Amino acid sequence: MSPAPNNHEFQEWWNKQRQTNPENSLLLHDDSAGHILTVEISSPGADRTVGKDRSRSARQLSWLWLLKLQQIAAFFASVTNSFVGLIRTANRRIASPDSPADSSSSRLYRVIKVFLIFVLLLLFVELVAYFKGWHFSPPTVRSAEVVGIVYANWLHVRVNYLAPPLQSFTNVCIVLFLIQSVDRVVLVLGCLWIKFRRVKPKANMEYKTTPSSEEEGGTENVEDYPMVLLQIPMCNEREVYHQSIATVCIQDWPRERMLVQVLDDSDDLEVQILIKAEVQKWQQRGVPIVYRHRLIRTGYKAGNLKSAMSCDYVKNYEFVAIFDADFQPGPDFLKKTIPYFKGNDDLGLVQTRWSFVNKDENLLTRLQNINLSFHFEVEQQVNGVFINFFGFNGTAGVWRITALEECGGWLERTTVEDMDVAVRAHLCGWKFIYLNDVKCLCELPESYEAYKKQQHRWHSGPMQLFRMCFVDILRSKVSVTKKANLIFLFFLLRKLILPFYSFTLFCIILPLTMFLPEAQIPAWVVCYVPGIMSVLNILPAPRSFPFIVPYLLFENTMSVTKFNAMISGLFQFGSSYEWIVTKKLGRSSEADLVAYEREADPLLETTAGLQRSASESGLADLTKLGTSKKPSKRRRNRLYRKELVIAFVLLTASARSLLSAQGIHFYFLLFQGITFLVVGLDLIGEQVS
C-alpha cells in the first residue's frame, strides 16, 4: 500500500494558529522525508476567553446577593418561628397542671425559681471576677475601681456572714446522711444474716391435697379450710380487671369456703358494664363472687374497703385477702399463706412479695425494680424477722379479720390506709409475718407522670399519719423499744429525714458551695458514700448492676418530688389528700397468665380454658362498646418545671465549679443536671406523642 499524501493545507493552517496563539499546547511538525506527523502535548495555560465569558456583570452580582440574603432571612425566620413555637408549647405544658398536686407545689417551684435567679447572678459576678483575675489576687475595699470595691465587699459578706451558717447547715445534713447510711448498712447486714442462717417463718401445717382428692384417699376435710374473703378493689381498671378477677377466681381453695368481692369504684359506665359482665360469667361457672358498687365514693380505697367490710356476711369469715386490680396471685396463694395463722393467735397479717411482669420494659421500670427489690428483700424481710412489724403494702396480703376490727378497721383520714391500719394493729399487739418466697405478679408504672403521682402519694401519706398517730404511739401500751422504732426509724429516719437531706444536700447546698467556696462538702459525701449505698441498694437485683450510675442520679432527681410530698403531708397542704389511681397498661397477657398457672400447679390446667373464655368474653364486650366509646384524650409528654429549673441550677453551678477546677464536684453537678434535664423533658419511661 502506498503512503498517504501529505496534508499541506492543514499544516499551514496549524502553523498560523500556533504563531497567533503561542500558548497553544499542541505543536505539529512535518517531516517530509519520513512522511511522519509529530504532535507534542504540553500543559495548557489559562483560557482568557473562557474566563472573560464567565465573568458576571454588576447586575448579576447584585441579584445573586439579594437571593442569598433572602435565603438567610428565610432561614432565620423559620428558626425564630420554631423557637417561638417551642416556647409556647413548653409554656402550655408547664402552665397547665394535670392535678392539684402540681398546683399546690407551685410554692416550692417559686422558691426554686428565685434560687435560680440568685445563682445566675452569682455566676455573672464570678465570671467578671475571673476575667479580671480577682480569683488569684482579690481586690481590696480601697480599690480604684467601683466594681472592685463591690466585689471586695461581697467577699467580706460571703466569708463572715454567709459561709458559716451554710457550713453549719451542711454539717447537720451530712450527719443525717451518715445516720441514714448506717441504718441502710445495718439492714443489709441483717438480710445477709438471714440468708446465711436460712431463717424463714415456719407454718404449723401445710395443705398438700385438694378437697377433690378426698375420694381418692385424701386425708383433709373441707372443714379444715377456714372461711376466706377475697377482695379486689378497683377504679376504672379497664385494662386489667379481667386478669385480676380470673386469677382470684381460680384459687385452689374450696369454693364453699371462699367469697370473692369485686369492689368497683369506677365512675365510667362502660367499665362498670364490663366488670359486671365478667363477674356474671364467673358466677355462671359456680364461683362465689359478688359485685359491689358504691353510689357515694368517699374515702378512696379506704372507704371502698370499709364499705365492703360492713356487709353482714363478713362475720362468717375469718380471714380477708386483698389484691389490687393489677395483681395476679398464683393459684396456691391461699394455701401458702393461710397455714401461718394456724397456732399463731397473735398473728394479724401475712404479707407476700411483689413480682413485676414489666420490670425490663424501659429504663424507668428497671430503676423502680431496684428500689422495690431492696424494699422487699431487705427492709420488709429484716423487719419481719427481727421485730415482727413492717408497713402493710396495701395488697398481696392476708389479714385476720379480728385484727382489723380490734384496731378500728379501715379509716379514711390519710391516703396511706394500708400503713395506717398496720401501725394501729401493731400498737394493739398484733404481729406480722413477711413471706419472701411467695410472690404475686403485678405491674410497674411505665410513664414518669404515673410514677411521680404514685411517689407523691406514698411520701405525703406517711407524714399525715405521723402527725395523727404520734400521740397514740406515746400513749400505747407497747414497749419503749417499739415506740422508739416507730417514731425514730419507721417515721422520722426513713420517711422524713431521707427525702429532706437528699434534696437539700445535693440540690441546694452543693450548688451553693460552688459560689460560697468557704463552705465545703467533702468529696466522699458527694461521690464515695452515695456510690457505696447504691451498690448496697442494688444487691437484691444483681442483674441491674449496669444501671447503678443512672440509679444514683435518678434517685437524687426523685428527691424533689419526695421532698415536696413530705412537706405537703407534714403541713397539711391540699395535695397531701389527693388520690390518683396509678395508670396500668395490662402488660400481663392472657397467655402469660395461663403459662404461669400451669407452671405453678399442674393440677389446675383445666382452669386455663375457663380463664381464656372469660378473657375472650371480656374482649367481646369491649368490642361491643367500642362503637359508643368516646374518643380518648390525646396523650403527650409533659414538661416538669421544678425538674427543669433545678437542672439549670445544677448546670450553672457546674460552670462555676469549672472555673475553680473542682473535678468530682464538677462531674457530679454536670451529670446530675443532665439527669434533671432529661426527666424534666419527660424523656424517661414510656414515650407518647
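Strand β4 (residues 258–264) runs parallel to β5, and five bridges join the two. Helices (H or I, at least four residues) and strands (E, at least two) are DSSP runs, numbered from the N terminus. Two strands count as paired if DSSP finds at least two bridges between them. Within this pair, D264 stands opposite H293 in β5.

The model is predicted: local features need pLDDT of at least 70, side-chain atom pairs count only at pLDDT 80 or more, and totals for chains, interfaces and linings use all residues. Residues are numbered from 1 along each chain as its sequence is written, and side-chain values use heavy atoms, with hydrogens and water left out.

Both β4 and β5 belong to an open sheet of seven strands. The strand order is β5-β4-β3-β6-β8-β7-β9, and the pairing is mixed. β5 (289–293) and β9 (431–442) stand at the edges. Each has a single partner strand, so one side of each is left without a neighbour in the sheet. From one strand to the next, the twist averages 20°. Axes for such angles are lines fitted to C-alpha atoms, for helices over the stretch in contact, and angles run from 0 to 180 degrees between N-to-C directions.

The protein chain has 21 helices and nine strands. Of its 689 residues, 49% count as buried. Buried means under 20% relative accessible area, exposed over 50%, and partly exposed in between (1.4 Å probe, protein chains only). The chain exposes about 34500 Å², and carbon and sulfur atoms supply 60% of this area. Accessible areas come from the Shrake-Rupley method with a 1.4 Å probe; for residues, only the protein chains shown count as cover. Contacts are heavy atoms within 4.5 Å. Among contacts with a separation of 6 or more, residues 24 or more positions apart account for 78%.

Helix α13 (residues 417–427) is mostly covered, with 11 of its 11 residues buried. G429 follows α13 and has a positive phi, near 100°.

Leaving aside neighbours within four places in sequence, R656 is in contact with L123, E126, H135, M514 and F515.

The structure holds 30 aromatic pairs. In F392 and W399, the ring centres lie 5.6 Å apart and the planes meet at 90°, so the pair is edge-to-face. Rings of Phe, Tyr and Trp (its six-membered ring) pair if their centres lie within 6.5 Å; planes under 30 degrees apart count as stacked, over 60 as edge-to-face and the rest as tilted. F392 is buried at a relative accessible area of 3%, and W399 is buried at 0%. The rings of F490 and F491 are also edge-to-face, because their planes stand at 85°, with centres 5.1 Å apart. Both F490 and F491 are buried.

F490 also takes part in a charge–ring arrangement: the charged end of K495 sits over its ring, 4.4 Å from the centre. Here, NZ of Lys or CZ of Arg must be within 6 Å of the ring centre and within 35 degrees of the ring normal. The charged end of R641 sits over the ring of Y109, 4.4 Å from its centre.
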